[in-house]
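Please read the points below alongside the sequence and the 3D view, and check each one against the residues it names.

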Amino acid sequence: MHSIYRTLRTALHALRRNVMRSILTCLGIIIGVAAVITMMEIGQGSSAAIQGTISKMGANMLMVQPGESRTSGISLGSGTRITLTPGDCDAIREDCSAVKDAAPNVYARVQLVYGNKNWQPNQIYGTTPGYLEIGNWQISQGDNFTDQDVQSANLVCLVGQTLANDLFDGDSPVGKELRVRNVNMKVIGVLAPKGANMMGWDQDDVLMLPWTTAKFRLSGSSLGNVNQSAAAAASSLTQVNTLNNLYPSSSLAVLPAASPLKANQPQIVRFPSIDRIYVSARSAEEIPTAIRQITSVLRDRHRLTPKEESDFEVRDMTEFTKALTSTSTLMTNLLLCVALISLVVGGVGIMNIMLVSVTERTREIGLRMAVGARGRDILRQFLIEAILLCLFGGFAGIVFGRGSSILVNAFLHWPVSISIPAIIAAVFVSASTGILFGFYPAWKASRLDPIEALRYE
Amino acid sequence: MELIRLKDIYKTYHLGEVDVPVLRGITLDIGRGELISLMGASGSGKSTLMNLLGCLDRPTSGEYWLDGQEISRLSSDGRAMLRNQKIGFVFQSFNLLPRTSALENVMMPLTYTARNLSEVDGRKRAVALLELVGLGDRMDHEPSQLSGGQQQRVAIARSLVNRPPLLFADEPTGNLDSKTSEEVLKMFQRLNEVEGITIILVTHDANVARHSNRIIRIKDGIVENDHAQIVPSEDIDATPVMAH
């Protein structure tokens with residue numbers, strides 16, 4: 001301990017003897033580390049910003065679809081079975097820790113009429129108010145519908161920008177009434193435009209309404225085989241049933257059991273089914289966890305034995321996630337290259353100056369050896385000098401790096417975020433640069449012959 | 001028991017294919033408390049002998065007993081330790097660390113002392129030595145702020161900080177004017193008489209040799225002449241310059 005303290009003091013003293021040169025030597029490391037820190041912070045800031053943008057596009061979104069149904073061994077495609085219930089949706093929301101929110105979805109394909117115009121929207125979403133946040137929708141005019149609207153299947157809806165333009169000719173649609181099939185539906189809000197999605201679909205060609213309304217007031221037809229009046233009749237019944245939405249609450253037989261044709265249809269189930277559940281994970285990283293949790297919750301609720309296949313599918317937006325991870329990987333690798341280059345440049349600078357210093361101080365080395373320094377004492381002294389130089393450089397670099405990223409943030413408004421790993425790496429890297437590039441000069445010094453060294457001019 | 005006993009020391013340098021014998025069989029005893037001048041013309045092997053005696057180098061053959069220990073085959077680390085504990089060096093060009101205070105310079109060898117002296121004790125010792133050489137009031141001065149004689153006195157204090165029984169002075173007055181030379185030489189004499197330190201002055205200057213009580217002359221790698229002499233009295237001016 002004592003000798004380390006002395007060596008440290010000797011090294012500090014030696015560096016102080018030539019302050020200007022020590023600072024200039026450090027400069028390579030200072031600039032390198034500062035550059036790395038600034039880059040890392042800007043990189044991390046923009047990575048976070050990109051991540052935010054991508055998650056706005058719905059990267060955190062998961063879809064739960066019913067599984068396929070088969071008739072005589074012929075698959076009818078995924079989503080053809082009716083297995084999901086609003087209760088599933090609530091269970092996912094409440095029991096899965098990695099899930100932020102979940103919203104049910106009921107599709108419909110109907111014609112809308114307003115005045116003398118009609119329009120068939122691309123998408124009609126029957127959902128809950130929470131879907132707006134899951135799908136990252138904003139409202140530009142009016143208000144979202146409420147849970148109360150869902151509860152009582154009120155005739156209210158939100159329209160997308162395309163719809164608003166096409167049907168209402170630029171008038172504000174809020175407060176107007178659309179005719180959908182035989183019912184009048186009040187427009188209470190307009191969604192902010194989102195443009196086309198990655199598949200080229202116009203996302204603004206959309207109508208959103210409470211799922212109960214979609215289910216029971218318009219799209220009795222999503223069952224495909226129930227006529228309009230039957231659907232209307234059903235609606236009054238099932239409206240009550242929304243509160244009683246446990247999974248196999250199939251006791252409510254609406255269709256006459258006597259109809260053999262209908263009884264043969266496997267997809268006719270007498271509980272409020274939903275077509276899809278949209279789920280938002282807490283973060284992009286938690287998507288796999290969320291998928292696991294959802295699967296286990298739903299399997300449990302659907303009372304599937306371990307041997308049975310799941311009667312539903314959970315899908316994520318792999319494409320988005322890939323884009324996200326590849327962006328940040330690329331960024332990290334690029335910064336790593338920069339870090340390596342600046343490290344080498346700084347290290348060569350250190351080595352150069354240490355070699356000069358060894359030559360210049362040959363006599364001192366000779367003297368120290370004459371008074372009893374062993375080779376390893378000399379080695380240690382020069383090595384510690386190099387490491388100290390690098391560490392000073394590293395710390396100064398951290399300060400400068402932090403400073404410049406704060407400046408960048410203040411004047412250029414680029415997003416930056418402090419990166420603790422970068423700071424730890426900078427300290428570690430500068431110390432190891434000192435050891436790596438300081439070793440050769442120190443070794444050279446330790447190998448000097450005291451007689452020659454003392455005589456050196 | 002003598003402090004130093006050399007027995008049949010040879011030192012040969014190999015310059016490519018050619019062997020250059022520098023020391024050719026030196027046998028020598030040096031007792032404790034002697035003040036010796038080691039003289040010889042340039043190229044006589046005087047410096048080589050000093051390097052061997054100072055444990056900076058190893059003989060090619062022969063025995064070297066220092067303080068009862070045979071050291072001619074010691075490793076470089078072992079010799080470093082020996083130098084640290086038993087030998088002090090004073091150089092012609094002082095070799096003080098630049099931009100370092102006199103006190104720090106004197107304390108420097110303690111850095112390499114195996115049995116650690118506490119910081120406070122080391123400082124005390126250095127201060128006492130600086131006072132001994134008459135620089136008690138210049139302890140914070142850096143070498144550049146000291147005269148040549150003062151620098152050499154700092155170097156002497158440094159050589160004594162580990163309390164060695166043996167002190168080598170390689171042309172200690174070579175860079176000093178005659179007046180300061182006298183001062184420095186008197187200091188050596190006093191250290192020899194009062195402290196009982198064995199001192200070997202390596203020189204080619206007869207004036208320096210005058211201050212010693214034994215003169216060893218080296219010529220062509222062998223001892224040419226080894227004789228004791230009466231140390232002149234303190235009144236140096238009264239003593240005539242010794243003729244050969």
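1. Residues are numbered from 1 along each chain as its sequence is written, and chains are lettered from A and ligands numbered from 1 in the order in which they are written.

2. Chain A has an average pLDDT of 80, with 84% of its residues scoring at least 70, where pLDDT is the predictor's confidence in each residue, from 0 to 100. Within chain A, the lowest confidence falls in helix H8 (residues 228-241), at a mean of 41, and the highest in helix H12 (residues 362-370), at 93; helices here are DSSP runs of H or I with at least four residues, strands are runs of E with at least two, and both are numbered from the N terminus.

3. Over residues 221-260 of chain A pLDDT stays under 50, and the model has 46 contacts beyond four places in sequence for them, a contact being two residues whose C-beta atoms, placed from the backbone, lie within 7 Å. Where pLDDT is low, the predicted coordinates should not be read in detail.

4. Helix H13 (residues 375-412) and helix H14 (residues 420-446) of chain A have axes that come within 7 Å and cross at roughly 150°, the axes being lines fitted to C-alpha atoms over the stretch in contact and the angles running from 0 to 180 degrees between N-to-C directions. H13(A) is therefore roughly antiparallel to H14(A), since angles under 35 degrees count as roughly parallel, over 145 as roughly antiparallel, 65 to 115 as roughly perpendicular and the rest as oblique.

5. Helix H3 (residues 86-95) and helix H10 (residues 287-301) of chain A pack at about 135°, with axes 10 Å apart, and so H3(A) is oblique to H10(A). A:Asp88, A:Ala91, A:Ile92 and A:Asp95 of H3(A) make the contact with A:Ile294, A:Val297, A:Leu298 and A:Arg301 of H10(A).

6. B:Tyr10 lies in strand E1 (residues 4-15) of chain B and counts as partly exposed because it has 15 C-beta neighbours inside 10 Å (20 or more would be buried, 12 or fewer exposed, with C-beta atoms placed from the backbone). Leaving aside residues up to four places away in sequence, B:Tyr10 touches several residues, among them B:Pro21, B:Leu23 and B:Pro59; B:Tyr10 and B:Pro59 are 49 residues apart in sequence and 5.9 Å apart in space, C-alpha to C-alpha.

Terms used:
This is a predicted model: local features need pLDDT of at least 70, side-chain atom pairs count only at pLDDT 80 or more; totals for chains, interfaces and linings use all residues.
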